[in-house]
Amino acid sequence: TRRWSVASILSKKYSAGATHVVIDIPYSPTGKVKSRTDGEELARLFEMVGARLGLVVRAFATQGDAPIGRGIGPALETRDVLMVLDNHPDAPQDLLDKSLFFAGQILALAGAVDSPEAGRTRAQALLASGAARKALDRIVNAQGAQPPADISGLLTQEIVSSQGGVVQGIDGYVISGVARAAGAPRDAWAGVDLVKTIGTRVVTGDTLYRIQSRDARSLADAVALARASAGFTLAG
């Protein structure tokens, strides 16, 4: 139930010694939270339970009609995050925008700045200067950095569009199911790498996304699932 998620998430924050918490609650017809109304109700529950625990909690219902970033799966999502932190010109803009929004909120909530807008400006400056990436590197080194993985055996398969049009929607439930079939998150390198995003025009035969896995059977299962339902809605 949605109430279970409140207990699960806040207990972890409380046990870790957090004092201020921001929560993202994506909603979509195919997601765990179906509507904005449901998301706002859950947000109020997060904030009420957090207050009873002595935490300062702000929860936001956000539209979740499509995946954020281009990667679904541990390694691909990490790639997206590092591209943002490295100020890469091809970094996913939606991930950058959402990260800056929540960074601004938590900085304001903790009293580091006067407003979320000022917090966003501060976060953007830290990102541009490279300080945000250096902070991540310190965390990784403190926890024990791992050597680069051997991905020489990584298998990939492209899923192409059977029609032309403009991408109107991407069903996150379907795409995450394909990623799981490929082996994510057990196989850290398995997942789905989106090539086309909402608003992009495609023609028949264009690649919508790539599936990757280190296991041939898992890749075949994921490809079969994707070909049955690619998860993309096209119009026009």
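This is a predicted model: local features need pLDDT of at least 70, side-chain atom pairs count only at pLDDT 80 or more; totals for chains, interfaces and linings use all residues.
Local features were taken at pLDDT of at least 70 and side-chain atom pairs at pLDDT 80 or more, while totals for chains, interfaces and linings use all residues. Residues are numbered from 1 along each chain as its sequence is written, and side-chain values use heavy atoms, with hydrogens and water left out.

Helix α4 covers residues 93–109. Helices (H or I, at least four residues) and strands (E, at least two) are DSSP runs, numbered from the N terminus. The expected span of a helix is 1.5 Å times one less than its number of residues. For the 17 residues of α4 this gives 24 Å, and the end C-alpha atoms are 24 Å apart, so the two values agree. Just after α4, Gly111 adopts a positive phi of about 85°.

Several residues of α4 are buried: Leu95, Leu96, Lys98, Leu100, Phe102, Gly104, Gln105 and Ala108. Buried means under 20% relative accessible area, exposed over 50%, and partly exposed in between (1.4 Å probe, protein chains only). The buried residues of α4 pack against β1 (20–27), β2 (56–63), α3 (74–85) and α5 (116–129). Gln105 has a relative accessible area of 10% and therefore counts as buried. Beyond residues up to four places away in sequence, Gln105 touches Val22, Arg58, Phe60 and Pro116. Contact here means heavy atoms within 4.5 Å.

Two packed helices are described by the angle between their axes and the distance between the axes. The axes of α4 and α5 come within 7 Å and cross at roughly 120°. This angle makes α4 oblique to α5. Axes are lines fitted to C-alpha atoms, for helices over the stretch in contact, and angles run from 0 to 180 degrees between N-to-C directions. Angles under 35 degrees count as roughly parallel, over 145 as roughly antiparallel, 65 to 115 as roughly perpendicular and the rest as oblique. On the α4 side, the contact includes Leu96, Leu100, Gly104, Gln105 and Ala108. On the α5 side, Pro116, Gly119, Ala123 and Leu127 are among the residues involved.

Between α3 and α4 lies a loop that holds Asn87. Asn87 is not a glycine, yet has a positive phi of about 55°. Its relative accessible area is 40%, so Asn87 is partly exposed. Pro185 sits in the loop between α7 (172–182) and β6 (191–194).

An open sheet of four strands has the order β3-β6-β8-β4, with antiparallel pairing. Its edge strands, β3 (71–72) and β4 (155–160), each pair on one side only. Two strands pair if DSSP finds at least two bridges between them. Four bridges join β6 to β8 (residues 207–213). Within that pair, Leu194 has Tyr209 of β8 as its bridge partner. Helix α8 (residues 216–228) lies across β4 and β8, at about 5° to β4.

Three strands form another open sheet, ordered β7-β5-β9, and the pairing is antiparallel. Strands β7 (201–202) and β9 (232–235) stand at the edges with a single partner each, so one side of each is left without a neighbour in the sheet. Four bridges connect β5 (residues 165–170) to β9. Val167 stands opposite Leu234 in β9.
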